Amino acid sequence: YEISLGLVGSEMCIRDRLEQGQYAKAETLFRRAVAGCTEKLGATHQETLISTNNLALALKNQKGKPKQDEAARLFRRVLAAQEATLGTDHGDTLMTAGNLAALLSKQGEHAEALPLERRTLAGLEARLGAEHPHTLIAVNNLAKTLEQRRRFDEAEPRLRRALAGEEARHGPSHPHTVRAVWRLAAFFDGIDEGAPQGAREIPLAPSRGPLPFAYQVAEFHAG
């Protein structure tokens, strides 16, 4: 299953820049795509919302509060439009809710991120099943926010669930499984007498190239 979003014209090659980490270049190209879609199709057309979501992803992965704040505004705009036109449980809506939640968590807005992450996880479980890769991403993201909220008793079983799901799907030596092991190990290493050692990044397993969703808090891509 892919969360069903079409791509406009040359947007696939722009997405390649996004996935290769060329976020500034992707931002420039996505701004053009958003402007073009808005002019021809309108601000709430689904193709415009796809381009807007991808622009927000490019901004989210760059440094600086202005970039992060703009990404949050764009995600909120897309989410509101999708809820109004597609409904709260549509796959596209859930994707956007998950991306907004990941950004809020990154910004330390855990109280706002948490209900969005729970909603995303519940929706993906209902649509895709408990062991689907997108569901496991949502499990991991929720676990990280729970950890930073010091709710360790809730975070640990979700990290274990994510690890079990990756191992069942890929085997014990796959990079996704190894990364899940690192996350669980970092969780225990980061606890000292019941308190986390700050909001440090969880180390990723070495690989020969960028792994899917290799962002500190995993994200959902349009396409």
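Student: How many aromatic pairs does the count come to in this structure?

Tutor: The model is a predicted one, in which local features need pLDDT of at least 70 and side-chain atom pairs count only at pLDDT 80 or more, while totals for chains, interfaces and linings use all residues. Residues are numbered from 1 along each chain as its sequence is written, and side-chain values use heavy atoms, with hydrogens and water left out. Rings of Phe, Tyr and Trp (its six-membered ring) pair if their centres lie within 6.5 Å, with planes under 30 degrees apart called stacked, over 60 edge-to-face and the rest tilted. By this rule, the count is 2 aromatic pairs.

Student: Which helices hold phenylalanine 152 and phenylalanine 187?

Tutor: These two residues form an edge-to-face pair, 6.2 Å centre to centre with 65 degrees between the planes. Helices here are DSSP runs (H or I, at least four residues) and strands likewise (E, at least two), numbered from the N terminus. The pair ties together parts 35 residues apart in sequence, because phenylalanine 152 lies in helix H8 (residues 152–170) and phenylalanine 187 in helix H9 (residues 175–189).

Student: Is phenylalanine 187 buried or exposed?

Tutor: Buried means under 20% relative accessible area, exposed over 50%, and partly exposed in between (1.4 Å probe, protein chains only). Phenylalanine 152, with a relative accessible area of 14%, is buried. At 1% relative accessibility, phenylalanine 187 also counts as buried.

Student: What is the angle between the planes of phenylalanine 187 and phenylalanine 188?

Tutor: Phe152, Phe187 and Phe188 form one aromatic cluster, and phenylalanine 188 is partly exposed, with a relative accessible area of 39%. Phenylalanine 187 and phenylalanine 188 form an edge-to-face pair whose centres are 5.2 Å apart, and the angle between their planes is 70 degrees.

Student: Which residues touch the most other members of the largest nonpolar core?

Tutor: A nonpolar core is a set of buried Ala, Val, Leu, Ile, Met, Phe, Trp, Tyr and Cys residues joined through side-chain atoms within 4.5 Å. The largest such core has 20 residues, and those touching the most other members are Leu55, Phe75, Leu100 and Leu116.

Student: Which element of the protein chain has the highest mean pLDDT?

Tutor: pLDDT is the predictor's confidence in each residue, from 0 to 100, and the protein chain averages 80, with 76% of the residues scoring at least 70. Among the elements, strand S2 (residues 195–196) has the lowest mean, 44, whereas the highest, 96, belongs to helix H4 (residues 65–85).
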